[in-house]
Amino acid sequence: MDVHIISSDGHGGDRQRRANTQAWTFGKTVPGPVIHVRQGQTVNITLTNRGTMQHSIDFHSAITPPSLHYVDIMPGESISFSFVAKVPGAFLYHCGTPPVLLHIGNGMYGAIIVSPDTPLPPAAESYVLVQGEWYTRQVSGTLMAGDYEKMQQIRPGRSRVQRRRLPVCRPSAHRQAGRPGAAVCGQRRPRILWSAFHVIGAIFDKVYPGGNPAQAIDGVSTYTVATGRGRGVRPHPGRGGQVNHVRRPRDGARGAGCARHPAGGEPG
């Protein structure tokens, strides 16, 4: 699978704010594009730096020499390398250029999903939820930029959960009508250690701590996700808000979603 990622700095990366944020991005979005591959697949990465400073890329899903592939590249340059996605699961990718906290905190992170050889149970819809925060200062008017001091002091201005539809990974499809929904949860919190993912009014049908279907657990309503880690969850059908229970309710990230019942029915 060929993946070409463009790094840049200075884009408006937070579409959920009225303010314009000077984000540093992969693919001009925060988080970066969701990458979906199959276990055992070769991933060919090309990173092109169209920013004004050095950038790099680090894949937590890869077993590869960082001194060769996770190196800083200058503006206008590109780097290409390949790795085999040997381990299934939900993983982070991010810029590894020092100071790493500043680059990640400004928006240079994303999710790569490695589906296992043994397929997970089919789902009507699959999504990737990536949790993060904005650490910003006012530049002028509604223009905001990253604040490194706030990142170091863990003083975020806003928590957020970004939902993206999981791209189809050929040759297998990941949608089947009449099945419960599935979500893959990840987080990029530069300094805070844990997130606690919970769907209000629901208990997960299954939680996949890694990418091995045999490791699925049940009877779980809240599951922790460490910084830079990912988890797979399979909600029971129904509607419910999503919260992070590790922090005070007024500070934690929140969201909403719906897992459909067979034939479009409502909860009984």
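Which loop holds isoleucine 154?

**View 1. Confidence along the chain.** This is a predicted model, in which local features need pLDDT of at least 70 and side-chain atom pairs count only at pLDDT 80 or more, while totals for chains, interfaces and linings use all residues. Residues are numbered from 1 along each chain as its sequence is written, and side-chain values use heavy atoms, with hydrogens and water left out. The mean pLDDT (the predictor's confidence in each residue, from 0 to 100) is 78 for the chain, and 69% of the residues score at least 70. Residues 14-18 fall below 50, and beyond near neighbours in sequence this stretch makes 13 contacts in the model (heavy atoms within 4.5 Å). Residues 170-180 are also below 50, with 29 such contacts. Where pLDDT is low, the predicted coordinates should not be read in detail.

View 2. The structure holds five aromatic pairs; rings of Phe, Tyr and Trp (its six-membered ring) pair if their centres lie within 6.5 Å, with planes under 30 degrees apart called stacked, over 60 edge-to-face and the rest tilted. Phenylalanine 59 and phenylalanine 83 make a tilted pair, 5.6 Å centre to centre with 40° between the planes. Phenylalanine 59 sits in strand 5 (residues 58-59) and phenylalanine 83 in strand 6 (residues 78-84), so the pair ties together parts that are 24 residues apart in sequence. Helices (H or I, at least four residues) and strands (E, at least two) are DSSP runs, numbered from the N terminus. Phenylalanine 59 counts as buried at 1% relative accessibility, and phenylalanine 83 is buried too, at 4%. For the record, buried means under 20% relative accessible area, exposed over 50% and partly exposed in between (1.4 Å probe, protein chains only).

**View 3. Tyr70 against Phe81.** Here the pair is edge-to-face, with 6.2 Å between centres and 70° between the planes of tyrosine 70 and phenylalanine 81. Tyrosine 70 comes from the loop between helix 1 (66-69) and strand 6, and phenylalanine 81 from strand 6, so the pair ties together parts that are eleven residues apart in sequence. Both tyrosine 70 and phenylalanine 81 are buried.

**View 4. The core around Ile35.** A nonpolar core is a set of buried Ala, Val, Leu, Ile, Met, Phe, Trp, Tyr and Cys residues joined through side-chain atoms within 4.5 Å. The largest one has 28 residues, of which Ile5, Phe26, Ile35, Ile57, Phe59, Phe83 and Tyr93 touch the most other members. Among the elements that each supply at least two residues of this core are strand 1 (2-12), strand 4 (42-49) and helix 2. Leaving aside neighbours within four places in sequence, isoleucine 35 is in contact with residues including Met1, Val3, Phe59, Tyr93 and Ile112. A second, separate core of 13 residues includes Ala23, Val30, Ala111 and Leu166.

View 5. The strands run in the order 3-8-7-5, with mixed pairing; two strands pair if DSSP finds at least two bridges between them. Strand 3 (35-38) and strand 5 stand at the edges with a single partner strand each, so one side of each is left without a neighbour in the sheet. Strand 3 runs parallel to strand 8 (residues 109-115), and four bridges join them. Look for histidine 36 opposite isoleucine 113 in strand 8.

View 6. Threonine 25 belongs to strand 2 (residues 20-26) and is buried, at 0% relative accessibility. Its side chain reaches the backbone nitrogen of lysine 28 at 3.2 Å. Lysine 28, in the loop between strand 2 and strand 3, is exposed, with a relative accessible area of 53%. Its phi is near 65°, a positive value in a residue other than glycine. In the loop between strand 2 and strand 3 you also find proline 31, joined to valine 30 by a cis peptide bond with omega about -5°.

**View 7. Pro99 and Ile154.** The peptide bond from proline 98 to proline 99 is cis, with omega near -10°, and proline 99 lies in the loop between strand 7 (89-94) and helix 2 (100-105). As for the opening question, isoleucine 154 lies in the loop between helix 3 (148-153) and strand 12 (158-165). Isoleucine 154 has a positive phi near 55° and counts as partly exposed, at 34% relative accessibility.

How values were computed:
Polar contact = N/O pair within 3.5 Å; in protein donor to acceptor, adjacent residues only side chain to side chain.
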